[in-house]
Amino acid sequence: MKNGNERPGLPRARAASRNGVGMDEGRRTKRGTGELVAAPHLADLDLAALRVYRRDLQDEEDRVSYWRRLVHARLDMLEAGSHTEGTLSVDQLIRVLGDTGSGASRTALSAVHPSAPLPDLPETADMWVTEVDPHDPAALAEAQEKLRAAEHKLTAYRKALFERIDEATAELILRYRENPAAALSALPH
């Protein structure tokens with residue numbers, strides 16, 4: 001995860017709901033009204049820079065989502081392995097990695113390159129190279145604890161990214177409302 005020092009253009013995360021209730025400084029909507037309010041810390045960005053900022057946030061969210069899916073898959077494999085004798089069969093792997101528990105399959109297109117490291121998450125560095133005996137309760141619990149800690153960090157970071165994306169989107173909408181012709185500049189030439 002990147003902190004404010006590493007990404008100076010990123011506003012800090014806010015505790016906020018999607019409908020705008022409970023937002024603090026820099027809010028994008030008036031409390032409960034749905035009316036958009038400008039974000040002062042984005043005012044210095046021109047329209048092109050604001051679009052790039054939003055795209056960068058979306059790319060970062062894609063990367064974090066990719067890592068979350070890997071962590072979830074590893075957790076699911078450990079859990080499934082603890083309920084079998086020996087190793088998981090191909091059919092079991094397909095069932096474990098393909099089922100979300102809701103009846104929907106896990107499918108995702110990802111623009112993320114798997115070799116891209118995710119900083120500040122030491123739990124992920126050895127997640128794939130450490131063999132865990134799924135029948136050793138202590139080793140299993142330790143591995144699951146590390147993976148859950150990584151998942152919590154990724155989830156918190158992803159939530160903050162969504163809030164920033166929403167804020168940048170609201171800022172773009174406000175600017176397009178002020179100058180509708182500016183929206184045309186986003187179209188391919």
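Me: Which helix is Lys159 found in?
Reply: Quick caveat before we start: this is a predicted model. With that said, Lys159 is found in helix H4.

Me: Is Lys159 buried, partly exposed or exposed?
Reply: Its relative accessible area is 48%. Buried needs under 20% and exposed needs over 50%, so Lys159 falls in between and counts as partly exposed.

Me: And how far apart in space are Lys159 and Glu61, C-alpha to C-alpha?
Reply: Along the sequence, 98 residues separate Lys159 from Glu61. In space, their C-alpha to C-alpha distance is 9.0 Å.

Me: What about Arg164, is that one buried or exposed?
Reply: Arg164 also has its place in helix H4. Its relative accessibility is 10%, and the cut-off for buried is under 20%. So Arg164 counts as buried.

Me: How far is the C-alpha of Arg164 from that of Arg54?
Reply: These two arginines are 110 residues apart along the chain. Their C-alpha atoms are separated by 8.1 Å.

Me: Let's zoom out. How many helices does the chain have?
Reply: There are zero strands here. From the N terminus on, the elements run α-α-α-α. That puts the number of helices at four.

Me: Where is confidence highest?
Reply: The chain averages a pLDDT of 75, with 65% of the residues scoring at least 70. Residues 1-28 stay under 50. Among the elements, H3 (residues 122-125) has the lowest mean, 62. The highest, at 93, belongs to helix H4 (residues 137-178).

Me: What span does H1 reach from its first C-alpha to its last?
Reply: H1 covers residues 47-81, which is 35 residues. At 1.5 Å a residue, 51 Å is expected, and the model comes close to that. The span in the model is 51 Å.

Me: Which residue's side-chain oxygen reaches the backbone nitrogen of Ala48?
Reply: Look at the start of H1 for this one. The oxygen comes to within 3.3 Å of that nitrogen, and it belongs to Asp46.

Me: How do the rings of Tyr66 and Trp67 pair up: stacked, tilted or edge-to-face?
Reply: The count of aromatic pairs comes to one. In that pair, the ring centres are 6.3 Å apart and the planes sit at 85 degrees, so Tyr66 and Trp67 are edge-to-face. Both residues are buried, and the arrangement of their rings is edge-to-face.

Me: Now the loop between H1 and H2, where Thr84 has its place. Which backbone oxygen does the side chain of Thr84 reach?
Reply: Thr84 counts as buried, at 13% relative accessibility. Leaving aside neighbours within four places in sequence, Thr84 is in contact with Gln92 and His135. Its side chain reaches a backbone oxygen at 3.2 Å, and that oxygen belongs to Gly81.

Me: Last one: what percentage of the chain's residues count as buried?
Reply: For contacts with a separation of 6 or more, 70% are between residues 24 or more positions apart. As for burial, the chain has 189 residues, and the share that counts as buried is 34%.

Key:
Residues are numbered from 1 along each chain as its sequence is written. This is a predicted model: local features need pLDDT of at least 70, side-chain atom pairs count only at pLDDT 80 or more; totals for chains, interfaces and linings use all residues. Side-chain values use heavy atoms; hydrogens and water are left out. Helices (H or I, at least four residues) and strands (E, at least two) are DSSP runs, numbered from the N terminus. The expected span of a helix is 1.5 Å times one less than its number of residues. A polar contact is a pair of N or O atoms within 3.5 Å; within protein, one must be able to donate a hydrogen and the other to accept it, and residues adjacent in sequence count only if both atoms are side-chain atoms. pLDDT is the predictor's confidence in each residue, from 0 to 100. Contact means heavy atoms within 4.5 Å. Buried means under 20% relative accessible area, exposed over 50%, partly exposed in between (1.4 Å probe, protein chains only). Rings of Phe, Tyr and Trp (its six-membered ring) pair if their centres lie within 6.5 Å; planes under 30 degrees apart count as stacked, over 60 as edge-to-face and the rest as tilted.
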